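Biologist: I am new to this structure and would like to learn how to read it. Could we go through it feature by feature?

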Amino acid sequence: MNLRHLATGASLALLVPGLAACTSNSPTTGADGSDGKVTVTSSDDACTVSATEVPAGPVTFEVTNSGKQVTEFYLLGEDGLRIVGEVENIGPQLSRDLVVNVPAGTYSTACKPGMKGEGIRAGFTVTKSDTPVDAGDQANVEQAQTNYATYVKDQSDQLLTKTTEFVRLYEAGKDDEARDLYAKARVHWERIETVAESFGDLDPKMDAREADLEPGQKWTGWHRIEKDLWPQDAKDYTALTDAQRKTYGQDLLKNTTTLDSRIQKMTFTIDQIANGSRGLLEEVAKGKVTGEEEAWSHTDLWDFQANVDGAKVGYDGVRPVLVANGDKDLAKQLDSRFAELQKLLDQHKKGDGFVSYTDLSKAEVKDLSDAVNALSKLTAAVV
Amino acid sequence: MTEEETTESTSSGPSRRAMIGTGAVASAIGIAGGFTAGRATAAEPTKGAPPSPFALRGAHQPGITTPVQDRLHFAAFDVTTTSRARLISLLKEWTLAAERLMDGGPAGPIGPVEGDYRLPPDDTGEAIGLPPSRLTLTFGFGPGLFVDDEGKDRFGLADRRPEVLTDLPHFPGDQLDQARSRGDLCVQACADDPQVAVHAIRNLARIGFGTVSVRWSQLGFGRTSSTTAGQATPRNLFGFKDGTKNVLAEEAKALDEHVWVQPDDHGGDWLAGGSYLAVRRINMVIETWDRQGLGEQESLIGRTKDSGAPLSGGQEHDDPDFAMPGKDGPIVPKDSHVAVVHPDHNDGVRILRRGYNFVDGSTDLGTLDAGLFFLAYVRDPATQFVPMQNSMAKNDAMMEYLKFTGSALFAIPPGPAEGEYIGQTLFG
């Protein structure tokens, strides 16, 4: 999963269906609009739309850029401000489809060659039809955005608190206590991993695994300390000195502080939330279910649970929007898949945490993997 | 007897017949020898098949700039003998066998069904009736042929090792399986028919028993690059066209600059006209990739999935415009694969890619053990491959979906001249 756009707040091409209903890339044939197909040709100075009136329901705009500059195409609400659907970054001579589910009403279309200004606009009418269309629920969206930002900031805050304590214990040579806090602190990182990872300058310093390093790159961060605390599987390992412990500890603490100060300023769009939710599940599928993340401590199941926690929070925010837009069945399916996955995870709980990854049988790992894949498939359908 | 067989019978090492002599059926030696002489003409290409369009002998080995075929069997060998003479003898045998195989003939001079009933045939037979299938065989020498892991000279070749022929460094994202990495020798067999490629490797390995042992081998089933202008760019298992900017056979100047080792290059005294082959087994995290939106996939690659045009527009072979602004930053994202590995961002460096898709069944978790078996021919791995791989590991957003599980580097000697054996310039 890649969330490199998240930090910059760049647009994701993926939107929640119904909200903006940009869901498919089906090929287009007709062009008079009667079957919901409209072709749009955007040149450097003109915007040719093959139909100005379509029946309510799904409409496909096949947008071709015949100009020399990058163009965009928008379907705007009656006020000319509300974006009903958009397709961005169409390079010269390329085509992109925009599929929107629109209720009857008055709209306008806009091509934006060069991506600047108001664009070349024209009126567009959607007539009443038998296809029912909901208009989306702005209140739910705003609620989800607020809740998610609060959650991420709170986790970051807790991460900083526990990391501070962890580093103190580690530097003081209280290894048993440090080992006990290791997974408990990292849980807060893992819950917001897709956000934390989106800072390309911090992530390699904080969360790099030994195998990820390139020649000459200094290994720092959580996993460097992890190896020092769980050296039994390491070959010819030399324990870090007190001075080295201080260096690595303070480095981690400094980076965690920087991360937290950045996260406290962030906001999230609904599609970023949905996308982040999916991203966390992909993190599980890729690194946790395989036991690669915590190579020395084998606390992968803590991370696993934390990724799922974060994904669930994102999903819970998006859920009312889904339901309001008539995707109740999908929401129900997702509810039960999350529950099934949690049930599987619960089987491996021990004390206030989890058993070691190395205690899992191959069959148990496969069951977990299948459950994550089942959920990933559905979250992919949401965004 | 043909010219080839004369050469073979005069070779000093364990020829096919000498090997029989040392085997359990020593008493059959006289009979087998006589029989062979009488049936030598049986070692002809399959009747009615078109002859191979490629020659083993020449300035360059086949299988580099020749039009890339659809199927691959690649094998890396450890040399098990300590005898330089036996190694040379094997190279002589392989040269003759390779020439016959590329012509659609049997691996040995007798044939799969023409020999003595009491002896195992000198060809395994699964290619009977199959055309040459444009088989090419390409041979290479790994760093381990020159010095062992302790730096000890193995065959009196240590001072002839080109300085850039060393094990590839550890790259970020490497999770190498040593059992799928390195090798003293390699053979790349490419053909239109997988059975023909497998037949070639199987028989070369059989001929090599006692001198070399297969370290690992890899099957590939779909080419992922083009090496000539007439070939369409194929797709990798991500579903995208990749390697569009490949060095092509028609670009003589670029080949000299980027692919063929030149006489003045280090090691050029024996390697000129040859090349280096960087081998990387790249597992793709297929299932995760498949859950990404089309737009996200395209921005990771930097090309459209449909035509393969760069996101800056136009057709597949149009140059990407990395300066063209998009909504947020360049329309071809800086961390897209095409932007990271493009010659414009790698000091103009180009490589000749010849990789294959592979699927080796599924993992314990039910995911595909699949990806790209990356093969790249370069004039200098230290300046062409290593920096590009490092830059990719560091900057390429696609890395998220890749795991590097095998790695090797080989020097590919020039093609043998008439009467020479493969690698003779090194040993001679």
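**Reading the two chains**

Modeller: Chain A has an accessible surface of about 16000 Å², and carbon and sulfur atoms hold 50% of it. Accessible areas come from the Shrake-Rupley method with a 1.4 Å probe, and for residues only the protein chains shown count as cover. This is a predicted model, in which local features need pLDDT of at least 70 and side-chain atom pairs count only at pLDDT 80 or more, while totals for chains, interfaces and linings use all residues. Residues are numbered from 1 along each chain as its sequence is written, chains are lettered from A and ligands numbered from 1 in the order in which they are written, and side-chain values use heavy atoms, leaving out hydrogens and water.

Biologist: How many helices and strands does chain B have?

Modeller: Helices (H or I, at least four residues) and strands (E, at least two) are DSSP runs, numbered from the N terminus. Chain B has 13 helices and ten strands; chain A has ten helices and eleven strands.

Biologist: What share of the residues of each chain counts as buried?

Modeller: Buried means under 20% relative accessible area, exposed over 50%, and partly exposed in between, with a 1.4 Å probe and protein chains only. In chain B, 59% of the 428 residues are buried. In chain A, the share is 54% of 383 residues.

Biologist: How should I read a strand such as β10 of chain B?

Modeller: Check its cover, then its partner. Strand β10(B), residues 402–412, has eleven of its eleven residues buried. Two strands pair if DSSP finds at least two bridges between them. Here β6(B), residues 275–284, runs antiparallel to β10(B) over ten bridges. One of the bridge partners in β10(B) is Leu402(B), which faces Met284(B) in this pairing.

Biologist: What do the buried residues of helix α12 of chain B pack against?

Modeller: A general point about helices comes before the case. An α-helix has 3.6 residues a turn, so residues three or four places apart point the same way. Helix α12(B), residues 386–395, has seven of its ten residues buried, among them Val386(B), Met388(B) and Met392(B). The buried residues of α12(B) pack against β6, α10 (337–341), α11 (381–384) and β10 of chain B.

Biologist: How many aromatic pairs are there over all chains?

Modeller: Rings of Phe, Tyr and Trp (its six-membered ring) pair if their centres lie within 6.5 Å; planes under 30 degrees apart count as stacked, over 60 as edge-to-face and the rest as tilted. The structure holds 24 such pairs over all chains. In one of them, Phe141(B) and Trp270(B), the centres are 6.3 Å apart and the planes stand at 40 degrees, so the pair is tilted. Phe141(B) is in strand β2 (residues 136–141) and Trp270(B) in helix α7 (residues 268–271), 129 residues apart. Phe141(B) is buried, at a relative accessible area of 1%, and Trp270(B) is buried at 1% as well. Trp216(B) and Phe373(B) make an edge-to-face pair, with 6.1 Å between centres and 75 degrees between planes. Trp216(B) lies in β4 and Phe373(B) in β9 (residues 368–378), so this pair ties together parts 157 residues apart in sequence.

Biologist: Are Trp216(B) and Phe373(B) buried or exposed?

Modeller: Both Trp216(B) and Phe373(B) are buried. In chain A, ring pairs link Phe166(A), Tyr170(A), Tyr182(A), Trp222(A) and Trp230(A) into a cluster.

Conventions. Contact = heavy atoms within 4.5 Å.
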